[in-house]
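Take a look at the fold below. We will walk through it piece by piece, from its sheets to its ligand.

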Amino acid sequence: MLMECRRVSRRYQDGDQYLDVLKDIDLQIAAGEMLAIVGSSGSGKSTLLHCMGGLDRPTSGEIIYQGRAIHQWHANQLADWRNQELGFIYQFHHLLPEFTALENVAMPLLIAGKAVPAAQARAQQLLERVGLSQRQHHRPAELSGGERQRVAIARALANQPRLVLADEPTGNLDDTTAEQVVDLLVELNQELETAFVIVTHDQALAAKLPRTLTLHHGQLQPREPVL
Ligand SMILES: Nc1ncnc2c1ncn2[C@@H]1O[C@H](COP(=O)(O)OP(=O)(O)OP(=O)(O)O)[C@@H](O)[C@H]1O
C-alpha cells in the first residue's frame, strides 16, 4: 500500500461554529494506481488532497505513507518528503513566471540537490516526453494554457515521485485541451510507477480513470455507475 487515510476528519472552526468537512475518511491508494475524486464545490476535495500532501493536517485520524505516519511529521520533514516523493499539479499551473519552461521543470531537481547539468538534462527529457521540446526556453506567459499545464506535469514528475496529487488539472482548459491533458496523464501513469490522485469537477476526466470516488457530506463513496 502506498498511502492510507485512516478515519481522517477535518473540522474547520469559524467563531463558535464548526464545519466538519471530512468525516472519518478511509482511503487506500495502491502503488501506481490512478483515481479520481469528484464531488460538488465545497465538498472538501481540496481539503482531502491537502491532508494527503501534508499541506494541511487532519483534526483526527491518520495518514500513512509507506508505513510512516506523515500527519505527525514536522514541517521540514514534510517539505523534504514532498520534494522527493510527491508531485503536485494545480488548476492554475503555479509556474514561476520569470523562469523558462526548462528552468521551472529543473527547479525541484535543484532543490533536491542535483547538479545543474543533470537537472537540465532530466528537465529536457521530461519536456520532450510531454511534447514541449520546442518550447523549453519560453516563459509561461509565452505558452498556451495547455502547454503551461504540460510544463506543470513535467515539473511534478521531475523527481520521479511515487504519488502525484492533482487539483482540478483541467479546470482552466477548453474541452479539447483538457482531453489531451487527461490522455497524457493516463499515459504517464501507465508508463511510470507513479500513482495519481486527481480531484476534479470534470466528468469526462473522471470517466477515463480506472477508479472514481465521490466525496459527499464529508464521506467517500464509490461513484454510482452512470446509466
Ligand atoms: N481554512 C479554512 N477555514 C474555514 N473553512 C474552510 C477552510 N478551507 C476550506 N474551508 C471550507 O471547507 C469546505 C471544503 O472546502 P474545499 O476547498 O476542500 O472544497 P472543494 O470540494 O475542493 O471545493 P471546490 O471544488 O469549489 O474547489 C468549504 O465549505 C470551505 O469553505
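Two strands pair if DSSP finds at least two bridges between them. Keep that rule in mind, since bridges come up again and again. One caution belongs here too: this is a predicted model.

Start with the whole protein. Its secondary structure comes to 7 helices and 10 strands. Along its principal axes, the C-alpha trace spans about 50 × 45 × 35 Å. How does the radius of gyration of the protein agree with that of a compact globule? For 227 residues, such a globule would have a value near 17 Å, and the protein has 18 Å, so the two agree. Of the 227 residues, 42% count as buried. Residues 24 or more positions apart account for 71% of them.

Next, the sheet of 6 strands. This open sheet has the order β6-β7-β8-β3-β9-β10, and its pairing is mixed. The edge strands are β6 and β10, the latter covering residues 219-222, and each pairs on one side only. From one strand to the next, the twist averages 20 degrees. Helix α5, residues 145-156, packs on this sheet and touches β6 and β7. The direction of α5 makes about 165 degrees with that of β6.

Strand β6 covers residues 86-89. In general, the side chains of a regular strand alternate between the two faces of the sheet. In β6, Leu-86 and Phe-88 point one way, while Gly-87 and Ile-89 point the other way. Are these residues buried or exposed? All are buried. Strand β6 is joined to β7, residues 163-167, by 4 bridges, and the two run parallel. Within this pair, Leu-86 has Leu-163 of β7 as its bridge partner.

Step across to β7. How many of its residues are buried? The count is 5 of 5, so to a reader using the cut-off of 20 or more other C-beta atoms within 10 Å, β7 is mostly covered. Both faces share in this: Leu-163, Leu-165 and Asp-167 lie on one side, Val-164 and Ala-166 on the other, and all are buried. On to β8, residues 195-199, which runs parallel to β7 and is joined to it by 5 bridges.

Strand β3 covers residues 34-38 and β9 covers residues 211-216. They pair in the parallel sense over 4 bridges. Val-38 stands opposite Thr-214 in β9.

Now turn to the other sheet. Here 4 strands form an open sheet in the order β2-β1-β4-β5, and the pairing is antiparallel. The edge strands are β2 (17-29) and β5 (68-69), each pairing on one side only. Strand β1, residues 3-14, is joined to β4, residues 60-65, by 5 bridges. These two strands run antiparallel. Ser-9 stands opposite Ser-60 in β4. Helix α1, residues 45-52, lies across β1, β2 and β4, and runs at about 125 degrees to β1.

Asp-24 has a positive phi of about 50 degrees, although it is not a glycine. Asp-24 sits in strand β2. It has 15 other C-beta atoms within 10 Å, so it counts as partly exposed. Gln-66 is not a glycine either, yet it has a positive phi of about 45 degrees. Where does Gln-66 lie? Gln-66 is in the loop between β4 and β5. With 13 C-beta neighbours inside 10 Å, Gln-66 too is partly exposed.

Which residues surround the ligand? Among them are Tyr-12, Asp-14, Leu-19, Val-21, Gly-39 and Ser-41. The list also includes Gly-42, Ser-43, Gly-44, Lys-45, Ser-46 and Thr-47. The elements that give two or more residues to this shell are β1, β2 and α1. Helix α1 gives the most, with 3 residues. By class, the shell has 3 nonpolar, 7 polar and 2 charged residues.

Technical notes
Residues numbered from 1 in each chain as written. Predicted model: local features only at pLDDT ≥ 70, side-chain atom pairs only at ≥ 80, totals over all residues. Contact = placed C-beta atoms within 7 Å. Axes fitted to C-alpha atoms, helices over the stretch in contact; angles between N-to-C directions. Near = placed C-beta within 6 Å. Nonpolar A, V, L, I, M, F, W, Y, C, P; charged D, E, K, R; others polar. Buried ≥ 20, exposed ≤ 12 C-beta atoms within 10 Å, placed from the backbone. Rg over C-alpha atoms; globule rule 2.2 N^0.38 Å.
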